[in-house]
Amino acid sequence: MEETLGNVSGARDIFNRWMQWEPPEDAWLAFVKLEKRYGEVENVRAVFARMVHVHPQPKAWLRWAAFEEEQGEVEHVRDVFGQAIDRLGIEHADQHVFLAFARFEARQDEIERARAIFRYALERLPRARSLALYRQYVLFEKQHGAPRQIEVVVAAGRRTAYEAAVRSDPDDYDAWLEYARLEESLLEQSDDAEQASADQESAGSPRQVAVERTREVYERAIAQVPRSADKRLWRRYIYLWLHYALFEETLAHNVERARQVYTQCTLLVPHKRFTFAKLWLQHAWFLVRQLDLSAARRLLGRALGECPKRRLFRGYIELELELREFARVRTLYAKQLKYDATCCATWIDFARLEDALGEPDRCRALYNAAVEQPTLDMPEVLWKAFVDFE
């Protein structure tokens, strides 16, 4: 009514007294409209500043930023967005504030600024609260021609999530393994992958930085030694060591570190309680790849002496078969049958080997010895194999 009577100052005083009661947002916007109708730009800013103090929701900040952009005040827009991000914090930040800020910078042809805003937000906001922002970022990078940046930002977001997961539960070995695989994937995608090896190994190269980052994750992971003797828990833990060793050998190209990883892991496992055939066999094949066959045999011989099990015998036999060392294979089969004569599969495999080597008499003798055993796990399978041979 005061405005209708031409008393703008009186209307302003009424609004100011009303605002002291911190009314709903609609009242503040009515005050803003009053000041805008009379071109009082500074007064509008003052009202917005008071409004976001009372109603700090993202929508209020976006209204203020939109007003500043209408006035063509680029620095004022940036200042408003900066205040909004500081006031809201990451816990209460809204993806639409970051999105509006990035779009504003893009409209100003400040592509790098816009990209930095997208990356800052995506690296910090939980994925559930940044889906729309991520979709817009993908479109942004497609438009401005830097698809590699998408991978970098997505990886940074996943890294943040994994860090949170392993901090909340350091014994979550699956999370550690996924974290390490993420870093390995970034290493494989490194821009330096096809450059000369000398450049790859330089201390400051992007590839070497990625190697060190991956190594750091693995070192932090293997430091979380299981506190109980639960073999299921240890199995997940040992997988970390095995992946670490493969990383050092195949991606970091550091054979000596891979050798150290295998050795440390082998010493760490309480073999008297339980063991892992996969660890022994993967270590042995690593030694074979390094052309150290005698060391591989000593390792597997030690494994069979400390903690014999069927899978270890089978793996050792497969290795000697690959090398066509049939005399050693016969010795191993004999040792396995001495360790466990109830396993029909071992008798059958040994007999079939002799048959394949053109030794039918040896084969028949093995079958005869097998069927005379007082206890067998699958006698019907053994008899069928004997009949098929004859």
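Let's start with a word we'll need all the way through: two residues are in contact when they have heavy atoms within 4.5 Å of each other. What you're looking at is a predicted model, where local features need pLDDT of at least 70 and side-chain atom pairs count only at pLDDT 80 or more, while totals for chains, interfaces and linings use all residues. Residues are numbered from 1 along each chain as its sequence is written, and side-chain values use heavy atoms, with hydrogens and water left out.

Leave aside its neighbours within four places in sequence, and Val261 is in contact with Trp241, Tyr244, Ala245 and Glu248. Take Tyr244: it is 17 residues from Val261 in sequence, yet the two are 7.4 Å apart in space, C-alpha to C-alpha. Val261 lies in helix 14 (residues 255-268); helices here are DSSP runs (H or I, at least four residues), numbered from the N terminus. Is Val261 buried or exposed? It counts as buried because its relative accessibility is 5%. The cut-offs are under 20% relative accessible area for buried, over 50% for exposed, and partly exposed in between (1.4 Å probe, protein chains only).

Now for the inside. In soluble globular proteins, nonpolar side chains tend to be buried together. A nonpolar core is a set of buried Ala, Val, Leu, Ile, Met, Phe, Trp, Tyr and Cys residues joined through side-chain atoms within 4.5 Å. The largest one here has 74 residues, and those touching the most other members are Trp176, Tyr237, Ile238, Leu240, Phe247, Tyr367 and Leu382. Which helix gives the most to this core? That's helix 13 (residues 231-251), with 10 residues. Trp176, setting aside neighbours within four places in sequence, has contacts that include Val166, Pro170, Val217 and Leu240. There is also a second, separate core of 41 residues, with Ile117 and Ala121 among them.

Two packed helices are described by the angle between their axes and the distance between the axes. For helix 6 (residues 95-107) and helix 7 (residues 111-124), the axes come within 8 Å and cross at roughly 165°. The axes are lines fitted to C-alpha atoms over the stretch in contact, and angles run from 0 to 180 degrees between N-to-C directions. Angles over 145 degrees count as roughly antiparallel, so helix 6 and helix 7 are roughly antiparallel to each other. On the helix 6 side the contact includes Phe98, Leu99 and Phe101, and these meet a set in helix 7 that includes Ile117, Phe118 and Ala121.

Helix 17 (residues 310-322) and helix 18 (residues 326-339) pack at an angle of about 170°, with their axes 9 Å apart. They, too, are therefore roughly antiparallel to each other. Phe313 and Tyr316 are among the residues of helix 17 that take part, and Leu332 and Tyr333 among those of helix 18.

Finally, have a look at some loops. Asp109 lies in the loop between helix 6 and helix 7, and its phi is near 65°, a positive value in a residue other than glycine. Asp109 is exposed because its relative accessible area is 64%. Leu291, in the loop between helix 15 (277-289) and helix 16 (293-306), also has phi near 65°, and at 80% relative accessibility Leu291 counts as exposed.

Methods
Helix = DSSP H or I, 4+ residues; strand = E, 2+ residues; numbered from the N terminus. Parallel < 35°, antiparallel > 145°, perpendicular 65-115°, else oblique.
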